[in-house]
Every structure is written in C-alpha cells, then in structure tokens.
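Please examine the chain displayed below. The paragraphs that follow lead through selected features of its fold, one group at a time.

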Amino acid sequence: MIVVWERPASDGGSEILGYILEKRDKEGIRWTRCNKRLISELRYRVTGLIENHDYEYRVSAENAAGLSEPSPPSTYYKACDPIYKPGPPNNPKVVDVTRSSVFLSWGKPIYDGGSEIQGYIVEKCDVSDGQWAICTPPTGIKNTHMEVEKLVEKHEYKFRICAVNKAGVGEHADVPGSVIVEEKMEAPDLDLDMELRKIVNVRAGGSLRLFVPIRGRPTPEVKWGKMDGDIREAAIIDTTSSFTSLVLDNVNRFDTGKYTLTLENSSGTKSAFVSVRVLDTPSAPVNLKIREITKDSVSLSWEPPLLDGGAKIKNYIIEKREATRKAYAAVVTNCHKTSWKVGQLQEVELPRISMDPKYKDTIVVNAGETFRLEADVHGKPLPTIKWYKGDKELEETARYEIKNTDFSALIIVKDAIRVDGGQYILEASNVAGTKTVPVNVKVLDRPGPPEGPVQVTGVTAEKCSLAWAPPLHDGGSDISHYIVEKRETSRLAWTVVASEVLPTMLKVTKLLEGNEYVFRIMAVNKYGVGEPLESVPVMMKNPFVVPGPPKALEITNITKDSMTVCWSRPDSDGGSEIIGYIVEKRDRAGIRWIKCNKRRITDLRLRVTGLTEDHEYEFRVSAENAAGVSEPSQVSPYFKACDPMFKPGPPTNTHVVDTTKTSVTLAWSKPIYDGGCEIQGYLVEICKADEDEWSLVTPQTGVRATRFEIKKLTEHQEYKLRVCALNKIGVGEAASVPGTIKPEDKLEAPELDIDSELRKGIVVRAGGSARIHIPFRGRPTPDITWSREEGEFTEKVQIDKGINYTQLSIDNCDRNDAGKYILKLENSSGSKSAFVTVKVLDTPGPPQNLVVKDIRKDSAVLSWEPPIIDGGAKVKNYVIDKRESTRKAFANVNAKCGKTSFKVENLTEGAIYYFRVMAENEFGIGVPAETTDAVKASEPPLPPGKVTLTDVTQRSASFTWEKPEHDGGNLKVEVPFIGRPKPTITWTKNEQPLKQTTRLHIQDTSTSTILHIKESNKEDFGKYTVTATNTAGTATEHLILGYHLERKDKNS
C-alpha cells in the first residue's frame, strides 16, 4: 500500500528532518515501524504485507528537538489486489437462427477486472419497440453460448452480452448488426466416407454398420431404402439433425445389395447409395423348369441364383424324391451346367374319380336323416384319398364314417344337422398330380347363430348400436329377419328389443344410465328361430368426459378498447369433439369474471371489444364438448387497454428556408405517423458533407417548433442536415434535407407567378372549396402575408406556406368568403403584392340601412339599400315580412318587391310591429335585415277643438278644450317663461312633485318648459303646477288637465 500524508502545521522552530511511518495489523496489538531510514517525502510504499489482512497506519515527524507525537491512526485497509468490473466479452456472434430462436456465442473478456468471471448476462431488443430485456437469469449463465428462445418470427432483434464478476456487471458487447428471426433454408447434403464409396463386405452372421453425417435447414427428412427389395425389419435406423446411421445384425445373403439414402427438406433433396456384399453360401437357383417328360425320364433347366454369396458359383447339386418318400436322394453332385436330364424314373398316371351323376346336383337332406357320398378312384401309383368340407379335412367321428379303399371312396354322415350342409370335396393325389370333385349338400333346419362377435358401438348413457354378421349356416333357407333381446346383468329375464329386424344392425335406445346390459340376436328362417348370439356385457355411460383446459394463452393487437385473445387446443378433447370455446375477462378493478362471447367460438382466437381505456384486464378460456365445459385455462397476465405506441415516423417536407454566411434556417412539417402518442419535439442534426459524424444542434429534449436556425456555421462549407421527431417512446426515423447546403448570403427580391386563369378570379358555388395556389421566389425566403380587402378571414381559411409556394384554402364556401384576397411577399430585397378575387355563388347578404318612416295608424313605409354581397348574381327582388310583438312568427307582406322601399298597409292601430327584408337572386332568398326597434302604428294628434276659459284668478287661469278628432295618443303642453338669470323650473301634480317616467317627462328650453305625455289616459287628469324661480323672485302657473267631452277610447 502507498501511505500519503501532509506536513505538520508547525515544524517546532526547526526544519523537519524526516518522518517515521508505523503500521498495526488488526489481528495484532503492536505498532511496527515500516521504514528503517527517515522518510524525506510525504508518501511511502509499504511492502511485505500479508494478503487479506487489515492494517492501520500513523506517521510521526522528527526535527532537531526529537520525535513528534504520532498522527491519528488511519482507518483499516485490506491488503488485496484491486478488483474492477470486467471488460466486454470477446467476439460475440450469431451462430444460428431458427423461426423462434437465435443461437449466440462469445469469448471470455480480454480483461476480467482482477476477479474470476462468474457468468454472463444476455439481453435482447426488439427493434420495433426499442426495449431491452434480459434473457438470462439475473445472476447470468456460465456458458459462453446460449439459445435465446421464444422470439417472434419475422421480427428484427439486437443482442448484447455483459460479463459478471465479484465487482459487478461489466461493459456490454453488442452482437454486430441486427438479426431477423426466420428459418434459414439450406439444401440437404451428406458426407459419404471413402470406405462407404467402395463395396462394403460383411461376413454372414456379422453386423452391418453404415454411419453418414448430414446437414440441411430445416432438418431434412431421412429415408433409407434398398434398390432390389426392402430392408429387413430388424434394421435399426437412427437419425439426428447431424447424422443418420443404419445397423443390421446377423446379416445373411439376402442383405446384399445397394442401400439408398435420400435426404429431403423444403430446399431440395440429396441421394446417395452404399453397395453391400454379404459373404455367404449362394441363394437358390431361379426359374427351375421341368421339360421333356417321358415315362422314365425328365429334363430340368434353371438359372443361376440371384445371390452368389459373394463368390463365384462352382457347381450345382441335383436331388430327387418320390412322392411316397420324405427324403431326397442325390442324382448328381458336380453339375457344371444349368440343365440336366434325370433318367431311370418310374411311370405314373394321373388320378381319376368317377361319381354317380346325381352328385352333380345339390343333395337335399332333412335334419336327422343319414346321407352318404361315394365314388370310384384310379391312378398310378395308387392315389391318396381325402375328404374335405370347405378347407378342413374330415376325420372319422361318431357321426362321420369314412370308408376308403384302394379303388373307392365313401363317407357316411348320420343324424344330419345344419352344420353338415355345405360343400364336400373328394381329393385323390399321387406323384402325377391331384384330382378333386365337389359335392354340395343342403340340410333343411333352423338357422345357426349369427356370426359374431356382436359389435357394440356408439355407447352413451342411454343408447348404443349393435351390428353382427349373418349366420354361417342359414338352415337351407333364406334368413327372413332377426330378433334382438336385452337383459340387465343383474336379472335373468330377457326382454324383446325388436322382433323383426331386417338389416344386420340395430340402434337400441331408452336404456338406463349406469346399468349393464347383455344383448342377444337370433336369426329366423321358414323352419324357425335359430340359436342366439350373445354380446359381452355393456355398461351404459358416456364414453367421453369434459375436455382439458386450453393452452398457451396469448394476448395480441392491443388497442384502447379491444384486444385479441389467442390460444391452443387442449391436450385432450375428452373423447368427444370440441364444439366451441368460452372466453372470459376480468377487470383488475373488479372481482367477477365476465363472458366475452355471446355465440359459440369455433376458432382459436377472439377479438374482445368494448374495453375501458387504461383499464387492465386478464383473460381465461374454457373448452366445451358434449360432456360439458372444461376447467378454464391458466389466467393470462394483466394487459392494459391502450393504443400501441411506437417511435414516430420521419418529419415531412424537410427543406431549407434560408441561409446566411453563418447560419442555415430549415423548416419541416409534422410526421404523417406520430407513433400513437403526441410529438414532444424535434431533434436537428448536422454533419459536414465529407464526414459521417453527426452532431446534435438542438437541446436533447428537442424543439417544439417546426423551424430551426442553425448558427455559427462556416461560410461556404457544405453541410448535410436531418431532422427526427421525438415522442415518449423515443426518437423516430430521420428525414434528411435533400442534397448539401452551403451557408451563404443570397439576395433576391420576391416574385410571384400567378396563373392567367387565377388572375381572372375564382368562381365557386356555395358549399364548394376554393384553392389559391401561388408559386413564388425570393432570397432570403420572403415573409408571407395574406389579407382580405373586406376584413378579417373566416375560421375556414387555411394557409399553407412552403419554400417556393403558398396556398390559401377555403372549404365549404359561403357568401361571406367572397372578396379580394391579397398576398404580400416581403424580404430584405424588396416586396411584392398581388390579389385574387373570389366570387361565391350564393344567396344574397342582408339589405343595408333598413329604416321605418311615415308611420301611420294603419301603415308604415320601409326603405333600405341593396346588400353589399349579392351572392354572385343580380338581386331580382326583395321579400318583406312583418311580425307583431305578441307573436313569434313572421308573416309575409310581399314576396316580389322590385324596389328598395315599400309601404306596409293594413296595420292595426296601436299594435307594435317588427319588420324584416330579404334580397333574392337566382340562388335563393338571402339573409334578412331586421328592424331593431319596435314600431307602433300611430299618428301625431290633430289640434284640440274649441278652447274655453273657465276660471280666472289674480295669478291663474283655467281652460278646457275639446278633444281633437285624432289625438295620436300623446299630449304636449308648452309654457313660455322669461327671467334673468334663467329661472329654475319645477312641476307638481295635485300638490305633489311630478315624477318623470319613460311615458311622462319634462323638456326645458331657454324660453319655455314643455310637458310630454305619451299615450295619455285618465290617470293623467289633474291639476298641474309649474313654478319658475331665480334670485329675483318666483312665478307660478296652474293647469287643469281634462276633456270637456267624454272620451270614447282608452286614451280618453
């Protein structure tokens, strides 16, 4: 260890000569000096320590006055080599790939960190989601190879491997590139050993062993064969993915031949053969033929044996045997040809049989009678005589008496029964050949039992099906029908199930579950009911049980309101075909399982819909057959109902907006695909054109805008630019700016390129869409400003801006969108403007400045000005409506007014009206203009009638007058006054201050005061007093308001 310290705060007034370092073992009690000589430096390497012991240290300083007090002891330190995390594993690589797994291998790290490698951790990453997942146990694996299983076919994966030692998990090593999980295709191939390419010799009784290495992906199917026959069943064939072998013990001559080996998979086939020769005695000669037969000789010919036993044929041995003897005798033992004439043979004669002609017809015998069959027999040598019934040779019994002599044959059958019916065959044979004669006998009797056993099928809890075969003996008469009976094994009595069954089968129903039954069948012919055939006992129960639970639940295609549940068939269907499946779900927030399917599911998948977003669900599946519903499958893990999220796609329309000599401004649009979640920002990267190292110029979190200026660039240096979108899943694919970009100042005044048709204006029908697309140019890129001569844009206006064009779009146009649209482009080099007129073919806008004048008690005059917006067509006429204030609906007054004024007549005096006017063109009636204030049908009053002075006092006068013929409903009284300074005027009514309202008010001028009363009535009658006051004095006048004549209406 190296011990380091600092100088003491005080040297004691004398220079420090050196230092003494001491150590103490944790297991000891004494301090031991580490240095023999004084240490002049402020550090010292202490050696000679014991491994894994703990030590503490202290230091003392020495000057001319002596040794200082030691420093405080250090903490304890263990003497051991330092340990670090290991380096990355060496040479990681993919060894093999299947449709669901990847085989990896790697080497040990070059640096183990000073500690033994305890294991390795392997991680995988599905490129589609970017998430790393551990494939090994957390403690790792000891091997330097691994098969990563349960991968998704056709998905792309990355892998990395870390080494683990006592210090922890080391740096990972990435497996180069990415791997697509799919089955590798490789045509079959095999490696025949040089020895197998020659003829393989094996001695008879020995063992044949053929071993052939093979390869191919997928693992090829292996077929062994033999060109000239089949391989013996005793052959043992073993096959793996890397080799195949054939072993045949105790071989003989028949194992000689060409053995073929064929490999086949989806990529092709490969074949080879191995020649095998078994060293054995020859096989039998072939095609032995007898020709040129005489009474005492015969000529033989043959061909060499197919198998020579691995050696040349030396000679042939010929033997003969008389038919009456069992042993062969040698004719010649050293024949070198493939033919031979055998002489000195005895003359022979083919057997002859003579029978009475009556035996040519069927012999009919009644049951219980005796019958006999006889014939004469001749031949040289004397033939051997045998009687057969069917294929079975008859022997003498109590009922069968056989009396054969050298020249005759006789059989007597006593007490005939049905089984005695059938075909009898007389056979006579000697060395010359064999002669047979058949005789048919029919015994008339009841039929025998049906041929069994009884086949009992389709057994359930209450029914079964029986089947049988017709009797071997029909009793000499056709079977007319069958009788079927049943009996419970616990009872003795038989019960008839069916008494006239024509076919040889019957379905028995209405049986009792759990009972055991025996069935019997009897055939019936015209002679009676035959013997029964009984079945074995049959237990009435269902032959099947409920199926096993479905397996391998998998949840896929997850969205915010649905998931797809997939599963595999149960291991067992319970003996009955599965008729459907039941899928259940359970919300993590609930406790009940809820059935997902109303109808029976026959597929192995179901899309479950109607889920609640962000809720977690688990699923289980049950199978159903005729016996019922199975136990549910294992419950799936919880899955959250949410739309899948991925990294976003590349931004669109990435382009350079402007450049200066030190900066580049670029812009882009949102990606077409946001990955299923909100775009959080954009990352901009830059790279010199002649390099491949990209640098990030935006913050790590990106920028929210779709425009960015990159500053501090080198003038005339060429750069490459790219932009990536960022969401909460990660950084998406980059969109590159086409070509390379140079920072440089470019100046160009804006210019517009307006199409000639566009200059004429745009005409669009109401509800249609208008598009104003104007290309332009200018450097730097001009600022784009759209405006409208008629005022602000409506909300429907959409403006797109590009590097060399701009477009104004209006969907669902109406009259308010008509007008002159002005485009202004402006940059540091100048500005340019242009306009496009949009004409919308629609109904007109509202007429302008609607006023009501010349109001009378039964009429009023309306006047207005034409609408500002005529809807793109000339106004043909106006429509005028009126509405009384007490009604909600307008009533039409005139629908074809051709002027901008109209007198509305037939109004009700005193009624309050509202009016509206609408312009009409060829597209229809437009928006109405309505009066804002109510209009009352009334007229100004006529002058009062005769005025009479009724009373005069010193300071007042009273008047009465006659009601005017028409009072208009209003009253106006004007009282002149003079005074200096201008007096203050007050009014009272019946000695009370006069309260002004909207109906009654006072108007003062410089020379008079006026009392206005609208819609006067009896409540307004009374004594009115007007008083004028100033600093000089007061003047008062009294007015008595009333009518000399009684009024005849409500305003009187």
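E531 is partly exposed, with a relative accessible area of 37%. The model in which this residue is seen is a predicted one. The side chain of E531 forms a salt bridge with the side chain of R418, and the distance from N to O is 3.0 Å. This pair links distant parts of the chain: E531 belongs to strand β44 (residues 528-534), whereas R418 lies in the loop between β35 (408-413) and β36 (422-430), and the two residues are 113 residues apart. R418 has a relative accessible area of 10%. Because buried means under 20% relative accessible area, R418 counts as buried.

Salt bridges occur elsewhere in the structure as well, which holds 32 of them. One of them joins R520 to E485, with the closest N and O atoms 2.5 Å apart. Here, too, distant parts of the chain are linked, for R520 is in strand β43 (residues 516-525) and E485 is in strand β40 (residues 481-488), 35 residues apart. Both partners are on the buried side of the cut-off: R520 has a relative accessible area of 18%, and E485 has a relative accessibility of 11%.

A further salt bridge is formed by the side chains of E616 and R588, at 2.3 Å from N to O. E616 lies in strand β51 (residues 616-625) and R588 in the loop between β48 (580-587) and β49 (594-595), so this pair ties together parts of the chain that are 28 residues apart in sequence. E616 is partly exposed, with a relative accessible area of 24%, and R588 is likewise partly exposed, with a value of 48%. Salt bridges may also form a network, as they do where D189, D191 and R215 are linked.

Which side chain makes a polar contact with the side chain of E123? The partner is the side chain of R160, at 2.8 Å. E123 itself lies in strand β10 (residues 119-126) and counts as buried, at 18% relative accessibility. Leaving aside residues up to four places away in sequence, E123 touches W132, A133, I134, C135, K158, F159, R160 and C162.

The next subject is a set of annotated regions. An unreviewed UniProt entry lists residues 188-275, 351-442 and 943-1042 as "domain: Ig-like". Over residues 188-275, the chain is 5% helix and 57% strand, and the C-alpha atoms at the ends are 21 Å apart. Over residues 351-442, the chain is 0% helix and 59% strand, with the end C-alpha atoms 28 Å apart.

The backbone also deserves attention. A cis peptide bond joins R217 and P218, with omega at about -5°, and P218 is found in the loop between β18 (208-217) and β19 (221-226). Another cis peptide bond joins G452 and P453, with omega at about 0°; P453 lies in strand β38 (residues 451-457).

Where does N653 lie? N653 is part of strand β54 (residues 652-659). Although N653 is not a glycine, its phi is positive, at about 50°. N653 is partly exposed, with a relative accessible area of 42%. D854, also a residue other than glycine, has a positive phi near 50°. D854 lies in the loop between β69 (848-853) and β70 (860-865), and it counts as partly exposed at 48% relative accessibility.

Technical notes: Residues numbered from 1 in each chain as written. Predicted model: local features only at pLDDT ≥ 70, side-chain atom pairs only at ≥ 80, totals over all residues. Heavy atoms only, no water. Helix = DSSP H or I, 4+ residues; strand = E, 2+ residues; numbered from the N terminus. Buried < 20%, exposed > 50% of the residue type's maximum accessible area, 1.4 Å probe, protein only. Polar contact = N/O pair within 3.5 Å; in protein donor to acceptor, adjacent residues only side chain to side chain. Contact = heavy atoms within 4.5 Å. UniProt positions renumbered as here; feature names shortened; annotations may be inferred. Salt bridge = Lys/Arg side-chain N within 4 Å of Asp/Glu carboxyl O.
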